[in-house]
Amino acid sequence: MVFGALIGLGNARYGLRDYRAAEAAFRRATKYHPGNPDGWNNLAYALVKQGKRAEAIAAAKEAVRLAGASAAPYQATLKEIAGG
């Protein structure tokens, strides 16, 4: 699976407020490309929009972990989702 296509599909669904479909696309992105923090970051947003806060925080933490020294944007997501 091409990562960019999955992220694009997820982003399109998210933009249409179809958060379940966005979640499905981002889950596929993380399944086929588990080392890319962008998939986990976007998954976190789709999850939180569905009220799945604990799962969203876990996904955001995974993005931070994977990003290493480049984690600042993902830390911002985690902070936003975790509420502080």
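Tutor: Helices here are DSSP runs of H or I with at least four residues, numbered from the N terminus, and the model they are taken from is a predicted one. In that numbering, asparagine 42 is found in helix 3, which spans residues 37-49. Asparagine 42 has a relative accessible area of 16%, and because buried means under 20%, asparagine 42 counts as buried. Leaving aside residues up to four places away in sequence, asparagine 42 touches Ile7, Asn11 and Phe26.

For the packing itself, two packed helices are described by the angle between their axes and the distance between the axes. The axes of helix 4 (residues 53-67) and helix 5 (residues 72-82) come within 8 Å and cross at roughly 165°. Angles over 145 degrees count as roughly antiparallel, and therefore helix 4 and helix 5 are roughly antiparallel to each other. Their crossing is left-handed. On the side of helix 4, the contact is made by Arg53, Ala56, Ile57, Ala60, Lys61, Ala63, Val64 and Ala67, while helix 5 contributes Tyr74, Gln75, Thr77, Leu78, Ile81 and Ala82.

Turning to the aromatic rings, the count comes to one aromatic pair. The rings of tyrosine 14 and tyrosine 19 have their centres 5.1 Å apart and their planes at 65°, so this pair is edge-to-face. Tyrosine 14 is partly exposed, at a relative accessible area of 24%, whereas tyrosine 19 is buried, at 17%.

Key
Residues numbered from 1 in each chain as written. Predicted model: local features only at pLDDT ≥ 70, side-chain atom pairs only at ≥ 80, totals over all residues. Heavy atoms only, no water. Axes fitted to C-alpha atoms, helices over the stretch in contact; angles between N-to-C directions. Helix = DSSP H or I, 4+ residues; strand = E, 2+ residues; numbered from the N terminus. Parallel < 35°, antiparallel > 145°, perpendicular 65-115°, else oblique. Left-handed = near helix turned anticlockwise from the far one by under 90°. Contact = heavy atoms within 4.5 Å. Phe/Tyr/Trp six-rings, centres within 6.5 Å; stacked < 30°, edge-to-face > 60°. Buried < 20%, exposed > 50% of the residue type's maximum accessible area, 1.4 Å probe, protein only.
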